[in-house]
Amino acid sequence: MCMKESQKPYLRRLRYAVQLWFLLFCIYAGYRFFQFLLHFEKPGQPFVQRPPSVDGFLPIAGFMSLKYFLLTGIIEPIHPAAMILFVAILMTSLLLKKGFCGWICPVGTVSQYLWMAGRRLFGRNFVIKKEIDIPLRAIKYIIMAIFLILIGIAMTPNMMILFFITDYYKIVDVRTMRFFTEMSVTTAVVLSVLVLLSLLYRNFWCRYLCPYGALLGLVSILSPLKIRRRQTDCIHCRRCSDNCPSLIDVEKKTTISSPECCGCLTCVSYCPSGAVEVTLRTNRSRILVRPAYYIASLLIVFYLFVGIGKLTGHWQSKLPYAEYKRLLTPQGTDGSAGR
Ligand code: SF4
Ligand code: SF4
């Protein structure tokens, strides 16, 4: 049980630190992946092991692999970490709200840095009118539904096998990276518009466009953990509502069941009377959960699945070196020495 406490600024500092850790890790993995590619693309470059964590940027592959695994019992061996990370992220949402978005996702972190920078630049963030905000929020659910129908319903295991053995799929991670490193004019314009909108509006990408977040939000509704506001202790200062990055009017609610809530605990950290808390719903009652336990559980569940993937040999890609060499070495050059 938690004792009643006042504001908890340490929670925000802890969240920024956790977010930064995952962002830096992703940058490091991206750098290693770049070196891995360089070995095949430029003669004389040393071989660097491909970092499997880059598969985390392939959620569609992860979703396909999960369906394939559920129907056949086989884990697709080319991007196995995509499925492991997809399951890890789904499980964190099922058990611990959309904490992945609030604490781990590097795209969410960059999005947050942008709106924070925008707030400094323009003195505030802008808010889209409710009449426009609601239909805009539907966009991410529509994109999510398209993927769910195409992959979750329409694709059969045989169709998936045919896709898994294509050269396109084998190096879909490389193609994803090149999408950004060898950007077309259209991509650059779209990204620039997104950056501008993210400076103006809080979490523009996450709120309106991210289909992954949409899926996690729907799954998170089932989570037994909830953010609750104790009416008896609330002094109606509105600090929770004013600071919620998901624009949830916490001060007007008792239990936050919105799929937009990313479990960031910002409301908990700002509440001066300790009225906002994390609770665990059981069959008979609600148990208060210390914020530190929530954060620790989030990281444990996430890394538990990563650990299971590693220990069971479903983490590193099984695509042979010769295949990477065939697919990545430009014609007319030699991919240099082997491993
Ligand atoms: S309701 Fe609280 S935990 Fe949920 S997004 Fe808003 S500030 Fe974060
Ligand atoms: S829940 Fe806390 S932060 Fe929100 S209005 Fe009440 S006292 Fe203020």
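The paragraphs below lead the reader through a predicted model, from its sheet to its ligands, a pocket and several single residues.

In this predicted model, local features need pLDDT of at least 70 and side-chain atom pairs count only at pLDDT 80 or more, while totals for chains, interfaces and linings use all residues; side-chain values use heavy atoms, with hydrogens and water left out. Residues are numbered from 1 along each chain as its sequence is written, and chains are lettered from A and ligands numbered from 1 in the order in which they are written.

Helices (H or I, at least four residues) and strands (E, at least two) are DSSP runs, numbered from the N terminus, and two strands pair if DSSP finds at least two bridges between them. In general, strands of a sheet pair through backbone hydrogen bonds, either parallel or antiparallel. Here an open sheet of four strands has the order 2-1-3-4, and its pairing is antiparallel. Strand 2 (255-256) and strand 4 each have a single partner strand and stand at the edges, so one side of each is left without a neighbour in the sheet.

Two of the pairings can be followed residue by residue. Strand 1 (residues 225-229) is joined to strand 3 by five bridges, and the two run antiparallel; in this pairing R228 stands opposite E277 in strand 3. Strand 3 (residues 276-281) also pairs with strand 4 (residues 286-289), in the antiparallel sense and over four bridges. Within that pair, L280 stands opposite I287 in strand 4.

Two ligands come next. A residue is near a molecule if one of its heavy atoms lies within 4 Å of it. The residues that surround ligand 1 include I227, P245, V250 and L265, together with the cysteines C244, C261, C262, C264 and C267. For the classes of residue, Ala, Val, Leu, Ile, Met, Phe, Trp, Tyr, Cys and Pro count as nonpolar, Asp, Glu, Lys and Arg as charged, and the others, Gly among them, as polar. By these classes, the shell around ligand 1 has nine nonpolar residues, three polar ones and no charged ones. Ligand 2 has 14 residues around it, of which C234, C237, R238, C240 and C271 come nearest. Its shell divides into eight nonpolar, two polar and four charged residues.

The model also has pockets. On a 1 Å grid over the protein atoms alone, a pocket is an open set of points where a 1.4 Å probe fits, with protein on both sides within 12 Å along at least five of seven lines, and lining residues have an atom within 4 Å of a point. Grid points are joined across faces, edges and corners, and a volume is the space filled by probe spheres set on the points. The second largest pocket has a volume of about 310 Å³. Of the 24 residues that line this pocket, R15, Q112, W115, N203 and P245 lie nearest its centre. Helix 1 (9-41), helix 4 (99-104), helix 5 (106-122), helix 11 (204-209) and helix 14 (266-270) are the elements that give two or more residues to the lining. Helix 5 contributes the most, with six residues. By class, the lining of the second largest pocket has eight nonpolar, nine polar and seven charged residues.

Some single residues complete the picture. Buried means under 20% relative accessible area, exposed over 50%, and partly exposed in between (1.4 Å probe, protein chains only). N203 lies in the loop between helix 10 (185-200) and helix 11, and with a relative accessible area of 11% N203 is buried. Most residues other than glycine have a negative phi. Phi of N203, however, is near 50°, a positive value. Phi of L247 is likewise positive, near 60°; L247 lies in the loop between helix 13 (239-243) and strand 2, and is partly exposed at 35% relative accessibility.

V107, in helix 5, is 96 residues from N203 in sequence, yet their C-alpha atoms are 9.7 Å apart in space. The loop between helix 5 and helix 6 (130-154) holds N125, which is buried at 11% relative accessibility. A polar atom of the N125 side chain lies 3.0 Å from the backbone oxygen of W115, and a polar atom of that side chain lies 3.4 Å from the backbone oxygen of L199.

Definitions and conventions: A polar contact is a pair of N or O atoms within 3.5 Å; within protein, one must be able to donate a hydrogen and the other to accept it, and residues adjacent in sequence count only if both atoms are side-chain atoms.
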